[in-house]
Amino acid sequence: MTLRDDRVLFSSLLVDLLVYLREWHPEAEIALDEITVKSPRKMWLSGAKVALPDAVHRMGSRHHDGCAADLLVYIDGKYIADGEHAIYRDMGLHWESLHDRAAWGGHFSDANHVSLAAEDGRK
Ligand SMILES: [Zn+2]
């Protein structure tokens, strides 16, 4: 698969996840965050004057490929910061059920992160 294929697949799966959350967790409001974060190298190659290191995502993050997103979950108007909250587990398990390469950050202390794993295993 090409990166384009991965990005299209990831986007399609993300829509499925959002529809699932709207249907099964109507109490929650979801905002997308950090979907595509350009790597410093890509910024430099694209002619950006300043290429700051990405201090949030590790080198090789699927965020740099446009194949990861962080979902901000709000219930009763309050951001759910607790990664152990049941909604994150349900979200993650549902996400992983959508595709064999769908990876959930709850397995590595990043409960609001969903991605499509690269063929080399990057998530
Ligand atoms: Zn993330």
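In what sense do strand 2 and strand 5 pair, and over how many bridges? Strand 2 and strand 5 pair in the antiparallel sense, over three bridges. Here, two strands pair if DSSP finds at least two bridges between them.

## The model and its layout

This is a predicted model, in which local features need pLDDT of at least 70 and side-chain atom pairs count only at pLDDT 80 or more, while totals for chains, interfaces and linings use all residues. Residues are numbered from 1 along each chain as its sequence is written.

The protein has three helices and five strands, which run α-β-α-β-β-α-β-β from the N terminus on. Helices (H or I, at least four residues) and strands (E, at least two) are DSSP runs, numbered from the N terminus. Of the 123 residues in the protein, 25% are buried. Burial goes by C-beta atoms placed from the backbone: a residue is buried if 20 or more others lie within 10 Å of its own, exposed if 12 or fewer, and partly exposed in between.

## Strand 2 and its partners

Let's look at strand 2 through its pairings. With strand 1 it pairs in the antiparallel sense over six bridges, and the bridge partner of Glu29 in strand 2 is Tyr74. Tyr74 also stands opposite Tyr79 in strand 3, where strand 2 and strand 3 (residues 78–79) pair in the antiparallel sense over two bridges. On the strand 5 side, Asp70 stands opposite His113.

Strand 1 also holds Ala31, which counts as exposed because it has 10 C-beta neighbours inside 10 Å. Ala31 and Val73 are 42 residues apart in sequence, yet their C-alpha atoms are 6.6 Å apart in space.

## Two loop residues with positive phi

Strand 2 and strand 3 form a hairpin with two residues between them, and Asp76 sits in the turn. Phi of Asp76 is near 55 degrees, a positive value in a residue other than glycine. Asp76 counts as exposed because it has 8 C-beta neighbours inside 10 Å.

Ser109 lies in the loop between strand 4 and strand 5, and its phi is near 55 degrees, again positive in a residue other than glycine. With 8 C-beta neighbours inside 10 Å, Ser109 counts as exposed.

Helix 3 (residues 86–98) has 13 residues, so at 1.5 Å a residue it should span 18 Å; its end C-alpha atoms are 19 Å apart, which agrees. The expected span is 1.5 Å times one less than the number of residues.

Its buried residues are Ile87, Tyr88, Met91, Gly92 and Trp95. The buried residues of helix 3 pack against helix 1 (3–24), strand 1 (28–33), strand 2 (68–75), strand 4 (102–104) and strand 5 (113–116).

## The core

The largest nonpolar core has 18 residues, and those with the most contacts inside it are Ala69, Leu71, Met91, Trp95 and Val114. Helix 1, strand 2, helix 3, strand 4 and strand 5 each supply at least two residues of this core. Such a core is a set of buried Ala, Val, Leu, Ile, Met, Phe, Trp, Tyr and Cys residues joined through C-beta atoms within 7 Å.

Leaving aside neighbours within four places in sequence, Leu71 is in contact with Ile30, Leu32, Met91, Asn112 and Val114. Contact means that the C-beta atoms of two residues, placed from the backbone, lie within 7 Å. Among contacts in the protein with a separation of 6 or more, residues 24 or more positions apart account for 59%.
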